[in-house]
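Open the model in your viewer and keep the selection panel at hand. The stops below go from the whole chain to single side chains.

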Amino acid sequence: MVKTLPTVEDTVAFGRRLASVLRAGDLVILNGPLGAGKTALTQGIGTGLGVSGEVTSPTFVIARVHRGPLPLVHVDAYRLQGFEIDDLDLDASVEDSVTVVEWGSGKVERLSDSYLEVRIERRDDDTRLVELVGHGGDWDTRVESLR
């Protein structure tokens, strides 16, 4: 599924919608260039999950855990090579949380039998093209419900 999101606010709003199909143990991998809207999408996911506190880029801390009815583990894998989320010693388990990994392509897919890849392209006019690609599990059905 591909969506066109004209503004950053639309990207955040789509993240809130995406949160409605997420559940404990889900792995979401965000791919796109710097400034594409990965963190904005994650902010919407956090709002949709009802987490407490502001969702900000974890670039300098590598990972943040946001508490809520369904916790959000937000990871920035840009500077990391060959790691596993469990190596980060987070105080939330991957099985009990939604894990969103920015820059995770080629680094974290092995953490789950199925995952959702979100490809974000930012155009010159600042619109975003967001493509959701399910890998295994029931992702295709869940993604289809967002149309």
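Predicted model: local features only at pLDDT ≥ 70, side-chain atom pairs only at ≥ 80, totals over all residues.

Residues are numbered from 1 along each chain as its sequence is written, and side-chain values use heavy atoms, with hydrogens and water left out.

**Whole chain.** Show the cartoon: there are three helices and seven strands, where helices (H or I, at least four residues) and strands (E, at least two) are DSSP runs numbered from the N terminus. Along the sequence they follow the pattern β-α-β-α-β-β-β-β-β-α. Of the 147 residues, 49% are buried (under 20% relative accessible area; exposed is over 50%, partly exposed in between; 1.4 Å probe, protein chains only). Switch to a surface: the chain exposes about 7,100 Å², with 47% of it supplied by carbon and sulfur atoms; the areas come from the Shrake-Rupley method with a 1.4 Å probe.

Select the seven strands, which form an open, mixed sheet in the order 1-7-6-2-5-4-3; two strands pair if DSSP finds at least two bridges between them. Strand 1 (2-5) and strand 3 (63-66) are the edges, each pairing on one side only. From one strand to the next, the twist averages 20 degrees.

Next, select residues 72-76 and 98-102: these are strands 4 and 5, which run parallel and are joined by five bridges. Within this pair, Val-75 stands opposite Val-101 of strand 5.

**Helix 1.** Select residues 8-19. Helix 1 lies across strand 1, strand 6 (115-122) and strand 7 (128-135), at about 140 degrees to strand 1. Axes are lines fitted to C-alpha atoms, for helices over the stretch in contact, and angles run from 0 to 180 degrees between N-to-C directions.

**Leu-27.** Beyond neighbours within four places in sequence, its contacts (heavy atoms within 4.5 Å) include Thr-99, Val-101, Leu-116 and Trp-139.

**Two rings.** Select Trp-139 again, this time with Arg-142, which lies over its face at 3.8 Å from the ring centre. Then select Trp-103: the charged end of Lys-38 sits over the ring, 4.1 Å from its centre. The rule asks for NZ of Lys or CZ of Arg within 6 Å of the ring centre and within 35 degrees of the ring normal.
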